[in-house]
Amino acid sequence: MSTSSESSLIIKRLTLKLMQHSWSVSALTLDPAKLLEEFPRWLEKLSARHQGSIIIVIDSIDQVQQVEKHMKWLIDPLPVNVRVIVSVNVETCPPAWRLWPTLHLDPLSPKDAKSVIIAECHSVDIKLSKEQEKKLERHCRSATTCNALYVTLFGKMIARAGRAGNLDKILHQCFQCQDTVSLYRLVLHSIQESMADDVDKELMKQILCLVNVSHNGVSESELMELYPEMSWTFLTSLIHSLYKMCLLTYGCGLLRFQHLQAWETVRLEYLEDPTVNSSYRQKLINYFTLQLSQDRVTWRSADELPWLFQQQGSKQKLHDCLLNLFVSQNLYKRGHFAELLSYWQFVGKDKSAMATEYFDSLKQYEKNCEGEENMSCLADLYETLGRFLKDLGLLSQAVVPLQRSLEIRETALDPDHPRVAQSLHQLASVYVQWKKFGNAEQLYKQALEISENAYGADHPYTARELEALATLYQKQNKYEQAEHFRKKSFKIRQKAVKKKGNLYGFALLRRRALQLEELTLGKDTPDNARTLNELGVLYYLQNNLETADQFLKRSLEMRERVLGPDHPDCAQSLNNLAALCNEKKQYDKAEELYERALDIRRRALAPDHPSLAYTVKHLAILYKKMGKLDKAVPLYELAVEIRQKSFGPKHPSVATALVNLAVLYSQMKKHVEALPLYERALKIYEDSLGRMHPRVGETLKNLAVLSYEGGDFEKAAELYKRAMEIKEAETSFLGGKAPSHHSSSGDTFSLKTAHSPNVFLQQGQSSLAQFSTSKESFKD
C-alpha cells in the first residue's frame with residue numbers, strides 16, 4: 001500500500017545498487033518508462049564486468065503494483081551470470097513465472113500449527129490440557145486456520161489470556177474466529193478491554209484510525225502534537241501492546257500496520273462509515289497544512305498532504321498543494337516522480353500545462369527573494385524544475401529554468417563555485433538529449449574546469465565531467481577524443497575503488513587522529529601544515545572566522561619553515577588568508593596577501609594553471625572593490641590570456657573574461673577600449689552558444705548602454721530591441737514574460753528600465769547595476 005511497492009522505485013533502487021558496483025556517477029533518469037529500459041542494460045554491463053554471479057532477491061514480488069506490466073525484464077532471458085530469487089503467494093503468482101524452477105513452502109499442517117501455539121504457551125509457562133490440545137488440532141484444519149499469521153496471532157492471544165487468568169474464555173472465543181481478520185478483531189477487543197479508562201480506549205481507537213488513513217504511517221512525535229493531553233507513558237505502553245500483538249510496527253520512524261490484515265481489521269472495526277473516514281483524514285490534513293503555513297515543508301508534509309487531498313477528492317486543494325514549490329521539490333528529489341505525475345493527472349493537467357504553472361509559480365516566488373540564502377534556494381528550485389521537465393521529455397522548456405539556475409548561482413555564489421558546475425552539467429545534459437552537441441560540449445568543459453579547481457584533478461566529480469565529455473564525443477563518433485577522456489576518468493575511478501576497502505573509513509579516522517595528535521605535539525611536517533589549512537577552511541565555512549584565522553596562520557608559518565617562503569603550498573595558505581581578510585572587510589591586508597600569493601604562483605606555476613587564474617581573478621575583483629581600477633586592468637587582461645591558453649580563443653569562458661574587462665573600461669569611461677572587447681565577446685557567444693542565447697542578450701544590452709552613453713541613440717535602440725527579443729524568446733516555450741534576472745556573464749552590468757526601446761531612449765541617463773560575488777570561496 002505504501003510508495004515502497006511502486007515498481008519504478010524498486011527498479012530505481014536496484015539500478016542505483018548496480019551503478020554503485022560499477023562505480024558509475026552518471027545521472028539516473030526518473031522517468032519510469034526509461035528506468036525500465038535502462039535497468040536490463042545495467043544488468044548486462046555489470047554481469048559482463050564481474051566474474052562471479054549477481055543475485056537479485058525480491059521478497060513478496062506479487063505485492064508490487066502492476067507487477068506483470070512493470071517487471072517484464074524478469075521474463076526476458078537474463079544475462080549469463082545473473083540469478084533472480086523471488087517469493088510469491090501461490091494464488092497471486094503471475095502465470096508467466098510459474099514455469100520457473102520453484103521451491104514450494106507448504107502451509108502448516110494441523111500438527112505443525114498446534115506445536116507452534118503450544119511452544120508460544122510454554123514460553124510464558126502456560127500448559128494446555130490434553131482436551132484443549134485436541135480441540136486446537138481439530139480447529140487448525142482449514143487453509144485459513146493453518147495460515148502462519150493466524151497461528152502466530154492465536155498463540156499470542158492464548159499466551160496473553162494465560163497471564164491474565166482467563167484462558168478458557170479466550171480459547172473459546174479464538175475457536176469462533178475462522179480467519180485472520182476475525183482473530184485480529186478479537187485482539188483489538190482484548191487490548192481495549194484491558195484498559196480501565198474510556199478516555200484511553202478512545203485514544204487507542206483514534207491512533208489506529210489515523211495510522212489507517214495516513215499514506216505511510218504516523219510518528220510518535222506527530223501523535224503527541226495531535227493529542228497534547230496524551231502522556232508519553234500511555235503512548236509507549238499502548239504501542240508496546242499493539243506491537244506485541246502484531247498490529248503495529250516501526251518503519252523509518254513511523255508507526256505502521258504490521259500486516260495488511262491488521263489494516264483491514266481497523267477499517268472494518270472503526271472506519272466503515274465514509275464520513276468518519278473523511279474526518280480522520282481531515283485531522284491529518286489540518287495538522288500538515290499548519291506545518292506548511294509555518295514554512296515547515298518536511299518530507300512528511302510532502303508525503304502525506306497531496307495523497308490525503310487525493311483520497312478526499314479535493315482537486316483544487318491538491319492543485320494548490322502541488323504548486324507549493326517546496327512540496328513538489330521534496331517529492332521529486334526523493335524519487336517520487338511517478339507519484340507526482342499521478343497527482344497532476346488527478347487534477348486534470350497535462351505535461352505542458354503543469355510546466356507552465358510551475359514556472360509561473362516560481363516567477364512569483366522569485367519576486368520576494370532577497371539575500372544570498374534565499375537566492376541559493378531559488379536556484380535549487382529552478383534546477384529541480386528543469387530536471388523535472390527534462391525527465392518529462394520537455395527539453396525546450398527545461399532549458400529556461402536550468403539557465404536561470406545557472407545565472408543565479410554565478411551571481412549569488414561565485415562563477416567558480418562547485419554548484420555552478422552542477423548547473424552547467426545539468427544544462428549540458430539537456431542539450432545532449434536535444435542533440436545540440438556543440439552547446440553541451442562548451443558547458444561540460446566549463447563544468448570540468450570548475451570541478452578541477454574546486455575538488456582537484458583526481459576527484460570523482462572531476463571524473464563525472466570527464467565521463468560526460470567522453471560519452472558526448474562517442475555520440476558524435478569522435479572516438480579518439482572519447483577514448484582520451486574515458487581513460488582519464490577510468491584512472492580516477494580506479495584510485496577511488498582502491499580507497500573503498502571495508503577498513504578505509506576506520507583507517508582514515510585513525511590517520512586523522514594521529515595527525516591531530518602530532519599537531520598538538522607541534523611537529524613541523526608538510527602533512528601537518530596541510531591539515532592545519534584544512535581545519536582553517538572548515539572553520540571558515542562554519543563562519544568561525546577567528547578560529548579559522550588562527551589555523552590558516554599556523555599553516556602558513558609551518559609551510560614557510562618546512563618548504564620555504566616561495567613554495568606553491570605557501571601561496572595556497574596566503575590565498576586562503578586573503579579570502580578570510582576579504583570576508584572580514586580588511587581589504588588592505590587581503591590585497592597584500594593576494595599579491596604575495598600571485599607573485600609565488602606566477603614564478604612557480606605554468607601560465608595557464610587554474611590556481612594562478614583563481615588568484616588573478618580574485619585580486620582583480622578586490623582591486624575593483626577598492627576602486628583601484630588601474631591596478632585591476634592588467635589582471636583582467638591576464639585573465640583573458642590565461643583563458644585563451646586554456647580553452648582556445650573562441651571559447652565562451654574567453655568571452656566572459658573579455659566582458660569583465662570591458663565592464664572595467666566602461667567604469668573608467670574608456671568606451672573606445674571597451675567597445676571592441678564587447679564586440680569580440682558577442683561574436684564568440686553567437687558562434688559558440690547561438691544567436692538567441694541569454695548571454696548574447698546580456699552582451700547586446702551592455703553594448704546598447706555603451707552606444708547610448710556615446711550619443712548614438714539609434715544604434716542603442718536597435719541593440720536593446722534585439723536584446724529584448726532574446727529575453728522574450730527565452731521563456732516563450734512556457735508562455736509568459738521572462739523574470740528579470742542578473743547577468744550570467746561574470747561582472748557585467750545591465751539596464752534597469754522598462755522593456756521598451758521608447759522608454760529606453762527617454763531616460764536621462766542609463767541606470768547600471770554592478771554584480772559581483774557576495775562571498776569569497778576557498779578553491780584551494
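Colleague: What share of the contacts between residues at least 6 apart in sequence joins residues at least 24 apart, and what makes something a contact here?

Modeller: The share is 65% in this protein chain. A contact just needs heavy atoms within 4.5 Å. Keep in mind that this is a predicted model: local features need pLDDT of at least 70, side-chain atom pairs need 80 or more, and totals for chains, interfaces and linings use all residues. Numbering runs from 1 along each chain as its sequence is written, and side-chain values use heavy atoms, leaving out hydrogens and water.

Colleague: Why is Glu591 called buried?

Modeller: Buried means under 20% relative accessible area, exposed means over 50%, and partly exposed is in between, with a 1.4 Å probe and protein chains only. Glu591 has 6%, so it counts as buried. Across the 780 residues of the chain, 51% are buried.

Colleague: Where does Glu591 sit, and what does it touch?

Modeller: Glu591 is in helix 29, residues 587–604. Helices here are DSSP runs of H or I with at least four residues, strands are runs of E with at least two, and both are numbered from the N terminus. Not counting residues up to four places away in sequence, Glu591 touches Leu619, Leu622, Tyr623, Met626, Lys628 and Lys631. Its C-alpha is 7.7 Å from that of Tyr623, 32 residues apart along the chain.

Colleague: What makes Glu591 and Lys628 a polar contact?

Modeller: You need a pair of N or O atoms within 3.5 Å; within protein, one must be able to donate a hydrogen and the other to accept it, and residues adjacent in sequence count only if both atoms are side-chain atoms. The side chains of Glu591 and Lys628 come in at 2.8 Å, so the pair passes the distance cut-off.

Colleague: How many aromatic pairs are there, and why is Phe326 with Tyr365 called edge-to-face?

Modeller: The whole structure has 13. Rings of Phe, Tyr and Trp (its six-membered ring) pair if their centres lie within 6.5 Å; planes under 30 degrees apart are stacked, over 60 edge-to-face, and the rest tilted. For Phe326 and Tyr365 the centres are 5.7 Å apart and the planes at 80°, so edge-to-face it is. Phe326 lies in helix 16 (residues 325–333) and Tyr365 in helix 18 (residues 351–366), so the pair ties together parts 39 residues apart in sequence.

Colleague: What makes Lys436 sit over the face of Trp434?

Modeller: The rule wants NZ of Lys or CZ of Arg within 6 Å of the ring centre and within 35 degrees of the ring normal. Lys436 is at 4.1 Å from the Trp434 ring centre and lies over its face. Lys315 does likewise over Phe346, at 5.5 Å.

Colleague: Why do strand 1 and strand 2 count as paired?

Modeller: DSSP has to find at least two bridges between two strands. Strand 1 (residues 54–58) and strand 2 (residues 82–86) run parallel with 5 bridges, so they pair.
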